[in-house]
Amino acid sequence: MSISLQTTVGDLASAIPHAARVFETHRIDYCCGGRRTLEAACQKVGADVSAVVAALEEPARDPSGDDTDWRVAPLSALVRHIVNVHHTYMWQELPRVEALMTKVARVHGPAHPELQELLPIVLGLVEELNGHLMKEERVLFPYITALDGGTVLTSPFGTVQNPIRMMNVEHEDAGGALESIRRLTSNHTPPEDACGSYRALFAALAAMELDLHQHIHLESNVLFPRAIDLEAARTPSNAES
Ligand SMILES: [Fe+2]
Ligand SMILES: [Fe+2]
């Protein structure tokens, strides 16, 4: 595929299976910042545009083996994929990260004061995500799945745009927390004297960042815009309410 500098990074991440990996390598924000053009996104982080384009043009495949085109797959399948892959992962990791963070701050906080700053950010992110995932699974996703099956459910939230707006604000907040975590952990690099738990925490935070970027991209740039369009197609008179 030929790459235009004016294509948004969100669209590129949706269209090219290995684009997310390329963007992660160059620290390009393709989830919350997915509406920036490739040119603007590269400028923002000082990435070499021609190197990014060359990497995107390589005929590489997504190492996860998942090359489903979520721009056209049924929305109910995309919801299932997000829950099975990303929510399941988060439900497993959130309690583990919380326990590791608490223990490491207690034991190593005196020698590493940055851990005291990191602690409330990580615990705050864990708490936010617990509520966020629950709202998606109990309220928003069942509505989108029903919409995909041809039914517009009576909802307590009016148009689907309302919960989506709230979820996108929470995605921005999570993205900001991930940036702070990266800064306070020197890009997830444990210090020389770090014990096993310390190293396990930093590895878990790095893996969580990668997974959340892909998760938020699939929701904010693919699922949510498609759900808004589908609702508008099913109930044109209500779409703008
Ligand atoms: Fe989610
Ligand atoms: Fe979400």
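Mentor: Let's take the pair α7 and α8, then see where they sit in the chain. Keep in mind that this is a predicted model. Helix α7 covers residues 161-184, and helix α8 covers residues 196-234. Two packed helices are described by the angle between their axes and the distance between the axes. Here the angle is about 160°, and the axes are 11 Å apart. Angles over 145 degrees count as roughly antiparallel, so that's the label α7 and α8 get. Their crossing is left-handed.

Now for the residues that meet. From α7 come, among them, Ile164, Met167, His171, Leu178 and Arg182. On the α8 side you'll find residues including Leu205, Glu209, Leu212, Ile216 and Phe224. By class, this contact has 11 nonpolar, five polar and three charged residues.

Next, look at the loop between α7 and α8, where Ser186 lies. Ser186 counts as exposed because it has 11 C-beta neighbours inside 10 Å, and the cut-off for exposed is 12 or fewer.

Finally, zoom out a bit. The protein is divided into domain 1 (9-57) and domain 2 (75-234), with their C-alpha centres 21 Å apart. Nine residues of domain 1 are in contact with 11 residues of domain 2. On the domain 1 side, α1 (9-15) and α2 (19-25) are the elements that give two or more residues, and α1 gives the most, with three.

Note on methods:
Residues numbered from 1 in each chain as written. Chains lettered and ligands numbered in written order. Predicted model: local features only at pLDDT ≥ 70, side-chain atom pairs only at ≥ 80, totals over all residues. Axes fitted to C-alpha atoms, helices over the stretch in contact; angles between N-to-C directions. Helix = DSSP H or I, 4+ residues; strand = E, 2+ residues; numbered from the N terminus. Parallel < 35°, antiparallel > 145°, perpendicular 65-115°, else oblique. Left-handed = near helix turned anticlockwise from the far one by under 90°. Contact = placed C-beta atoms within 7 Å. Nonpolar A, V, L, I, M, F, W, Y, C, P; charged D, E, K, R; others polar. Buried ≥ 20, exposed ≤ 12 C-beta atoms within 10 Å, placed from the backbone. Domains from an automatic or database assignment.
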